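Biologist: I would like to go through this structure with you, from the overall fold down to single residues. Could you show it first?

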Amino acid sequence: MGTHGFDLKPKTPPIAPRATAMISMFMQGGPSQIDLLDPKPLLNKMHLQKFPGKIKYDNAAQASSKIFGSPWKFKKYGEHGTDVSELLPHFSTITDDALVIRSMHTGVNNHGQSIHAMNGGRPLKGRPALGSWLTYALGAESQSLPAYIAMTDPQGLPVEGVLNWSNGWLPSLFQGTVIRPVEPRILNLQPPPHLDGEIQENYLGLLASLNKRHAQRRTGEHELQARIANYELAERMQFAADEATDLSRESKTMHEMYGINEPETKEFGERCLIARRLIERGVRFVQLFTKNQYWDHHGAIAKGLPASCRKIDKPAAALVKDLKQRGLLDTTVVHWGGEMGRLPVIQNEANIGRDHNTDGFSMWVAGGGFRAGIYGATDEFGHHAVSDTVNHFDYHATLLHLFGIDAEQLTYEQNGREQTLIDGQPAKVIEGLLA
């Protein structure tokens with residue numbers, strides 16, 4: 001599935017799609033699966049005893065072999081009996097619409113590499129992000145808003161910064177556009193007052209004619225085509241983006257549903273609600289990021305993990321409920337998860353936390369053709385995926401399948417080589433994830 005001319009007009013995928021849009025809530029740092037979505041009673045039974053097997057540590061200097069039982073209680077919810085920690089009370093109300101994947105695996109323990117694996121196909125820098133691949137393949141329904149939007153945390157960028165929404169070697173038209181958590185949400189969108197109106201129209205008209213003449217002499221210059229398209233999109237965005245991010249147009253009830261009237265959930269709730277408004281208006285892919293290492297609880301997990309959950313739990317659940325009541329969940333994939341999970345043993349005995357674990361961790365998805373319930377399993381300690389393992393490339397192949405795309409056929413020629421998101425890895429569409 002290659003493309004010779006580049007634009008963001010909507011494209012029909014080769015296979016009838018079940019999903020047409022996606023919202024990814026990326027919890028950078030690594031939420032602890034054994035404290036949130038994958039309970040292990042044996043950990044509590046063997047609390048502070050020596051771990052009986054081998055542990056793959058990331059930080060050997062602070063490593064311990066003492067088992068750390070979860071301080072938080074679990075209950076089963078919904079028709080599938082999904083286990084949910086008391087730290088996620090709002091997620092427990094949407095389990096009938098969500099699939100908890102307990103057997104995620106990247107196998108690369110550093111944050112950066114695992115982020116690239118989950119978001120770019122391989123643990124390498126410089127590759128296009130998932131959103132870039134989707135918008136390259138499918139464009140967007142809206143021609144007045146970017147096809148691919150990244151929404152950042154007010155307290156900072158995630159690990160690897162702008163690489164999280166990079167177009168890599170795809171044309172720059174497919175790079176993520178940042179919507180900031182504070183006003184102005186998109187920088188440099190509006191002209192200064194002395195250039196507004198007819199002056200700007202004349203300027204943009206001249207610029208368009210010069211660019212068109214320049215491009216006609218340089219056919220095949222993809223970056224030039226992308227730059228011209230971005231100029232044209234920016235002009236159309238001047239009204240559309242302000243309207244899409246204006247939450248005053250939403251009801252008081254909707255603000256309360258997303259937790260916008262509560263200090264702990266206000267900021268993330270605003271971003272989740274904007275994400276829904278963007279998808280409604282034809283944006284293809286929206287990704288929300290938490291700040292650098294927000295879920296990286298190497299120490300003080302007893303305090304840090306509840307705080308992280310309070311920030312995101314209510315808004316994330318509200319997003320799923322809101323999409324469902326609007327009839328959008330059937331065609332919109334909602335993703336929640338990070339690049340890794342945590343180990344079952346203590347790290348930093350003076351200030352207890354958990355080290356990295358990429359051999360078996362959890363995330364959840366909802367809508368867009370994914371089924372509900374639980375998929376996969378880790379061992380009795382929650383360290384390794386042992387049943388129905390979902391590698392990052394399997395997840396990508398399955399996700400593209402839901403969008404009507406064969407992962408092997410979505411290609412881009414770069415330096416004489418046909419590149420794909422899965423890049424030759426033994427990826428498979430996992431039917432057990434599908435409704």
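Modeller: The turns below go from the whole chain to its salt bridges and then to individual residues.

Biologist: What kind of model is it?

Modeller: It is a predicted model.

Biologist: How many helices and strands does the chain have?

Modeller: There are 10 helices and 19 strands in the chain.

Biologist: What is the radius of gyration, and what would a compact globule have?

Modeller: The chain has a radius of gyration of 22 Å. A compact globule of 435 residues would be near 22 Å, so the value agrees with that expectation. Along the principal axes, the C-alpha trace spans about 75 × 50 × 40 Å.

Biologist: What share of the residues is buried?

Modeller: Buried residues make up 57% of the 435. The accessible surface comes to about 17800 Å², and carbon and sulfur atoms hold 51% of that surface.

Biologist: Among contacts with a separation of 6 or more, what share joins residues 24 or more positions apart?

Modeller: Such pairs account for 79% of those contacts.

Biologist: Turning to charge, how far apart are the mean positions of the positive and negative charges?

Modeller: They are 2 Å apart, with 45 positive and 48 negative charges in the chain.

Biologist: And how many salt bridges does a search of the whole structure find?

Modeller: The search finds 31 salt bridges. One of them joins the side chains of aspartate 83 and lysine 76, with an N to O distance of 2.9 Å.

Biologist: Are those two partners buried or exposed?

Modeller: They differ. Aspartate 83 counts as buried because its relative accessibility is 10%, under the 20% cut-off. Lysine 76 is exposed, because its relative accessible area of 59% is over 50%.

Biologist: What about arginine 417, which partner does it have?

Modeller: Arginine 417 forms a salt bridge with aspartate 423, and the closest N and O atoms are 2.7 Å apart. Arginine 417 is partly exposed at 44% relative accessibility, whereas aspartate 423 is buried at 11%.

Biologist: Which residue does arginine 271 meet in a salt bridge?

Modeller: The partner of arginine 271 is glutamate 267, at 2.5 Å from N to O. Both arginine 271 and glutamate 267 are buried.

Biologist: Why are these two separated by about one helical turn?

Modeller: Arginine 271 and glutamate 267 both belong to helix 8, residues 266-280, and they are 4 residues apart, so about one helical turn separates them. As a general point, an α-helix has 3.6 residues a turn, so residues three or four places apart point the same way.

Biologist: Which residues are linked in a network of salt bridges?

Modeller: The network links Glu243, Glu250, Arg276, Arg277, Glu280, Arg281, Asp322 and Arg326.

Biologist: Let us change topic to helix 10. How many of its residues are buried?

Modeller: Helix 10 covers residues 392-402 and is mostly covered, with 10 of its 11 residues buried. Among the buried ones are His392, Phe393, Asp394, Tyr395 and His396.

Biologist: What follows helix 10?

Modeller: Glycine 404 follows helix 10, and its phi is positive, near 85°.

Biologist: Which residues other than glycine have a positive phi?

Modeller: Asparagine 348 is one of them, with phi near 65°; aspartate 388 is another, at about 55°. In general, most residues other than glycine have a negative phi. Asparagine 348 lies in the loop between strand 11 (345-347) and strand 12 (356-357). Aspartate 388 lies in the loop between strand 16 and strand 17 (390-391), and aspartate 388 is partly exposed at 44% relative accessibility.

Biologist: Where is serine 362, and which residues does it touch?

Modeller: Serine 362 is in strand 13, residues 361-366. Leaving out residues up to four places away in sequence, serine 362 touches Gln33, Leu37, Asp38, Ile101 and Arg102. Serine 362 counts as buried, at 6% relative accessibility.

Biologist: Finally, where is glutamate 380?

Modeller: Glutamate 380 sits in the loop between strand 15 (377-378) and strand 16 (385-387). Glutamate 380 is exposed at 52% relative accessibility, and, residues up to four places away in sequence aside, glutamate 380 touches Lys40 and Leu42.

Biologist: How far is glutamate 380 from serine 114?

Modeller: The two are 266 residues apart in sequence, and their C-alpha atoms are 24 Å apart in space.

Note on methods
Residues are numbered from 1 along each chain as its sequence is written. This is a predicted model: local features need pLDDT of at least 70, side-chain atom pairs count only at pLDDT 80 or more; totals for chains, interfaces and linings use all residues. Side-chain values use heavy atoms; hydrogens and water are left out. The radius of gyration is taken over C-alpha atoms; the globule rule is 2.2 Å times the number of residues to the power 0.38. Buried means under 20% relative accessible area, exposed over 50%, partly exposed in between (1.4 Å probe, protein chains only). Contact means heavy atoms within 4.5 Å. Accessible areas come from the Shrake-Rupley method with a 1.4 Å probe; for residues, only the protein chains shown count as cover. Lys and Arg count as positive and Asp and Glu as negative; His and the chain ends are not counted. The place of a charge is taken as NZ of Lys, CZ of Arg, CG of Asp or CD of Glu. A salt bridge is a side-chain nitrogen of Lys or Arg within 4 Å of a carboxyl oxygen of Asp or Glu.
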